[in-house]
Amino acid sequence: MRNWDYVVIGAGIVGLATALQILRARPKAKICVVEKERAVAGHQTSHNSGVIHSGVYYKPDSVKARTCVEGSHLLTKFCVQHNIAVRTCGKIIVATHPVDLPRLDELERRGHANGVNGLRRISKDELRELEPHVHGHSGLLAPNTSIVDFAQVALAYAKEIREAGGEILLNTAVTALHTPSSHVVIETSKETLAAKTVINCAGLHSDRIARLAAGPKVTTHIIPFRGEYYLIKPQRADMVRHLIYPVPNPAFPFLGVHLTPKIDGSLEAGPNAVFATAREGYSKGIVNGKDCWECFKYSGFWRMLSRYWKTGLGEIHRSFSKRAFLIELQKLAPSLTLDDLHPGGAGVRAQVVMPNGTLCDDFLIRRDDNIIHVLNVPSPAATASLAIGSHIVNKVLDLDHINSVPEKL
Ligand SMILES: Cc1cc2nc3c(=O)[nH]c(=O)nc-3n(C[C@H](O)[C@H](O)[C@H](O)COP(=O)(O)OP(=O)(O)OC[C@H]3O[C@@H](n4cnc5c(N)ncnc54)[C@H](O)[C@@H]3O)c2cc1C
């Protein structure tokens, strides 16, 4: 059995950023990252919109707001240092209907409270001037929003971890966790490991890892939501210069279907948000019995359905009907046609749903003795990854000194 100071479960962008920040704080630490897939970044980290968010949306002083604003600066600096392409194209959140205006006011207030640089309101005329294909009554311009390939960022984190002496064990799934005394025993599909501290960054499976450690007392449940994209045909890929977003529904942490220029020069539209019948189901046909059963036996899932069934039905309709998806997009860009949209990729979000059926809004990171569980880190966690890593490091370093009471999961 090999002994480690720290074992991180999951080589997505959050697990890798955490391992990197631990090594920066404790260069002599013995650390390994355990990943079930054959390569790093195989799930949420490589199936997303690629936007380095500036921090407009999030409730001031929430962990999301603080880590997003700090993380976007840290990430941009990291990309410059590692020659990773980043393009600062800016983002405009567009009020397409007068009812959106008070919500846009609230986003502007939040953005200023969060310290988003350069944020400003733009009039209908300025919007038309900046984006002739976009329709709206008013807009909120966040000029410092950028785009990047997060999988490339994760690969660079992994390289730096290895260079600093950390190990990444691929093809190695964590199957059991035991806490005999002052350390944690981690059983994997390949070998048994022992660690002083474990950090659970298992993304779509982090609630299961928490249950491996603490059993049924863990009340946190992840519900997977697939986000599907269309690709705009190449001839129209330059129709917008900024990222174009609608004003989101404040009841949900999802941002609404948007137009996203990609770092490779293409233009994407999406993602929607539909219940996924498999945690790693990247297309409609994939059904995983265990994943579905775990959702169906969770009362919070049914409470969520009874709260939001109307929105859910709308999302399902848009998922099956290209025309319905187009109608949503045309609210932002009326000149788009069915012919402009080609099926694109998809990602699955790991979203914690609370027992009362609401969607957990903030990042959720909990400590239980010498295991730290990263349970809810959906968007903008890729942006915030390095700041989430530092946030965890502070907890990890605390663990070495303070014998505190475990928090309830
Ligand atoms: C559609 C979509 C769009 C998004 N857009 C953006 C965006 O524009 N900007 C932004 O900042 N964020 C965005 N996000 C969010 C962002 O992608 C995620 O927050 C982030 O990638 C989460 O990283 P992670 O490391 O927690 O999870 P993951 O990348 O899913 O990594 C978790 C890893 O844990 C591994 N694992 C799981 N179980 C085990 C086990 N038992 N043993 C070993 N390994 C295990 C998995 O194989 C996986 O590699 C988006 C997400 C989605 C789905």
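Predicted model: local features only at pLDDT ≥ 70, side-chain atom pairs only at ≥ 80, totals over all residues.
Residues are numbered from 1 along each chain as its sequence is written, and side-chain values use heavy atoms, with hydrogens and water left out.

Q: Why is F301 called buried?
A: Buried means under 20% relative accessible area, exposed over 50%, and partly exposed in between (1.4 Å probe, protein chains only). F301 has a relative accessible area of 3%, so F301 is buried.

Q: Why do F275 and W302 count as partly exposed?
A: F275 has 25% relative accessibility and therefore counts as partly exposed. W302, at 45%, therefore counts as partly exposed too.

Q: What makes F275 and F301 an aromatic pair, and why is the pair called tilted?
A: Rings of Phe, Tyr and Trp (its six-membered ring) pair if their centres lie within 6.5 Å; planes under 30 degrees apart count as stacked, over 60 as edge-to-face and the rest as tilted. The structure holds 10 aromatic pairs. In the pair of F275 and F301 the centres are 5.1 Å apart and the planes are at 55°, which makes the pair tilted. The pair links distant parts of the chain, with F275 in strand β16 and F301 in helix α8, 26 residues apart. Helices (H or I, at least four residues) and strands (E, at least two) are DSSP runs, numbered from the N terminus.

Q: Why is the pair of F301 and W302 edge-to-face?
A: The ring centres of F301 and W302 are 5.2 Å apart and the planes stand at 80°, so the pair is edge-to-face. Ring pairs link F275, F296, F301 and W302 into a cluster.

Q: How do you know that K91 lies over the face of Y245?
A: A charge sits over a ring if NZ of Lys or CZ of Arg is within 6 Å of the ring centre and within 35 degrees of the ring normal. K91 is at 3.9 Å from the ring centre of Y245. R349 likewise lies over the face of F254, at 4.5 Å from the ring centre.

Q: What makes a space a pocket or a cavity?
A: On a 1 Å grid over the protein atoms alone, a cavity is a set of points where a 1.4 Å probe fits but cannot get out, and a pocket is an open set with protein on both sides within 12 Å along at least five of seven lines; lining residues have an atom within 4 Å of a point. Grid points are joined across faces, edges and corners, and a volume is the space filled by probe spheres set on the points. The largest pocket has a volume of about 1,200 Å³, and the largest cavity about 40 Å³.

Q: Which residues line the largest pocket, and which helix gives the most?
A: The pocket has 44 lining residues, with A273, T311, G312, E315 and R318 nearest its centre. Helix α8 gives the most, with 15 residues.

Q: Which residues line the largest cavity?
A: Its lining consists of Q44, G203, S206, A350, V374, L375, N376, V377 and P378. Strand β19 (residues 371-376) gives the most, with 3 residues.

Q: Which residues of helix α9 are buried?
A: In α9 (residues 322-330) the buried residues are A324, F325, L326 and L329. Their cover includes β12, β14, β15, α8 and β17, where contact means heavy atoms within 4.5 Å.
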